[in-house]
Amino acid sequence: MKLEDITLLNKVVNDIKKLPNLVGIVQMGSSLYSKEYKDIDVIIFFDRFLIPPELAEIREKYKESKLWLEGVSIKKSEKFNPGSKIFAKFFLGMKHKKILHGKDPYANKKITLKKEDVAAYIWYQYHICELYGQGYEGALSASMNAMLTYVNKSPLNKEETFNMFLEEYTQLSKHLPKNAEKFLRGATRSNFKELYDFFEFSIKYFAK
């Protein structure tokens, strides 16, 4: 990482450390392994059902920076939120992550997914886009990652996610539109409808 980004990361960690019910702060993603990183992804774990509102204030403070700050609840969340089980297992298999403060809440933890968990997660990804008109760029890769996590695959980035998915789920790949790879970063309100069949059949596949 560049020196100025290391300084930036240290500043935000010091700010986050003041938040209540903090469990751990973890850096993940391309900033750990690539010189061409565009974002610095930071996951913040809390032992509460809801993320404290103070995190939004910190996020606002650094909104013009490379930082992407995401709060995650570990408070029995997997019992009522299938999406948290998907994330937890995906996080466990990640190849690149660094603890900046506290601990990894999923270390040495065994997480078993049901097909229904994956179906619910894919539904949620589509629902956010359809109802709120946001999240288009991440919906396809997040859904593919959930399906790969179910079969214990841990892709490094979106391109690897896409290629692994084509190999692992040939039946579902048939429902992708032409030039589907462009939707990994180029999905918008206007073209998202082209992914309808893919989401429909993916949910059907896991909801059986």
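Helices, as the word is used here, are DSSP runs of at least four residues, numbered from the N terminus, and in this predicted model Gln-125 is placed in one of them, helix H5.

**Helix H5 and Gln-125**

Helix H5 covers residues 115-132, which amounts to 18 residues, and it reaches 26 Å from its first C-alpha to its last, close to the 26 Å expected at 1.5 Å a residue. Its buried residues are Asp-117, Val-118, Ala-119, Tyr-121, Ile-122, Gln-125, Ile-128 and Cys-129. An α-helix has 3.6 residues a turn, so residues three or four places apart point the same way. Gln-125 counts as buried because its relative accessibility is 15%, and the cut-off for that class is under 20%. When residues up to four places away in sequence are not counted, Gln-125 touches Gly-138, Ala-139, Ala-142, Ser-143 and Phe-199. Just after H5, Gly-133 takes a positive phi of about 65 degrees.

Two packed helices are described by the angle between their axes and the distance between the axes.

| Helix pair | Axes come within | Crossing angle, roughly |
|---|---|---|
| H5 and H10 | 8 Å | 160 degrees |
| H6 and H10 | 12 Å | 20 degrees |

The axes of H5 and H10 cross at roughly 160 degrees, and H5 is therefore roughly antiparallel to H10, with a crossing that is left-handed. On the H5 side the contact is made by Lys-115, Glu-116, Val-118, Ala-119, Ile-122, Trp-123, Gln-125 and Tyr-126, and on the H10 side by Tyr-196, Phe-199, Ser-202, Ile-203, Tyr-205 and Phe-206. Sorted by class, the contact of H5 with H10 has ten nonpolar, two polar and two charged residues.

Helix H6 (residues 136-150) and helix H10 (residues 196-206) have axes that cross at roughly 20 degrees, so H6 is roughly parallel to H10. The crossing of H6 and H10 is left-handed. Here Ala-139, Leu-140, Ser-143, Met-144, Met-147 and Tyr-150 of H6 meet Phe-198, Phe-199, Ser-202 and Phe-206 of H10, and by class this contact of H6 with H10 has eight nonpolar, two polar and no charged residues.

**Asn-145 in helix H6**

Asn-145 lies in helix H6 and is buried, because its relative accessible area is 15%. Leaving aside neighbours within four places in sequence, Asn-145 is in contact with Phe-90, Pro-155 and Thr-161. Asn-145 and Ile-74 are 71 residues apart along the chain, and their C-alpha atoms are separated by 20 Å.

**Two asparagines with positive phi**

Most residues other than glycine have a negative phi, and most peptide bonds are trans. Asn-108, although not a glycine, has a positive phi of about 60 degrees, and its place is the loop between strand S4 (97-102) and H5. Since the relative accessibility of Asn-108 is 84%, this residue counts as exposed. Asn-152, also a residue other than glycine, has a positive phi near 60 degrees and lies in the loop between H6 and helix H7 (158-168). Asn-152 counts as exposed because its relative accessibility is 58%, the cut-off for exposed being over 50%.

Technical notes: Residues are numbered from 1 along each chain as its sequence is written. This is a predicted model: local features need pLDDT of at least 70, side-chain atom pairs count only at pLDDT 80 or more; totals for chains, interfaces and linings use all residues. Side-chain values use heavy atoms; hydrogens and water are left out. The expected span of a helix is 1.5 Å times one less than its number of residues. Buried means under 20% relative accessible area, exposed over 50%, partly exposed in between (1.4 Å probe, protein chains only). Axes are lines fitted to C-alpha atoms, for helices over the stretch in contact, and angles run from 0 to 180 degrees between N-to-C directions. Angles under 35 degrees count as roughly parallel, over 145 as roughly antiparallel, 65 to 115 as roughly perpendicular and the rest as oblique. A crossing is left-handed if the near helix is turned anticlockwise from the far one by less than a right angle, and right-handed if clockwise. Contact means heavy atoms within 4.5 Å. Ala, Val, Leu, Ile, Met, Phe, Trp, Tyr, Cys and Pro count as nonpolar, Asp, Glu, Lys and Arg as charged, and the others, Gly among them, as polar.
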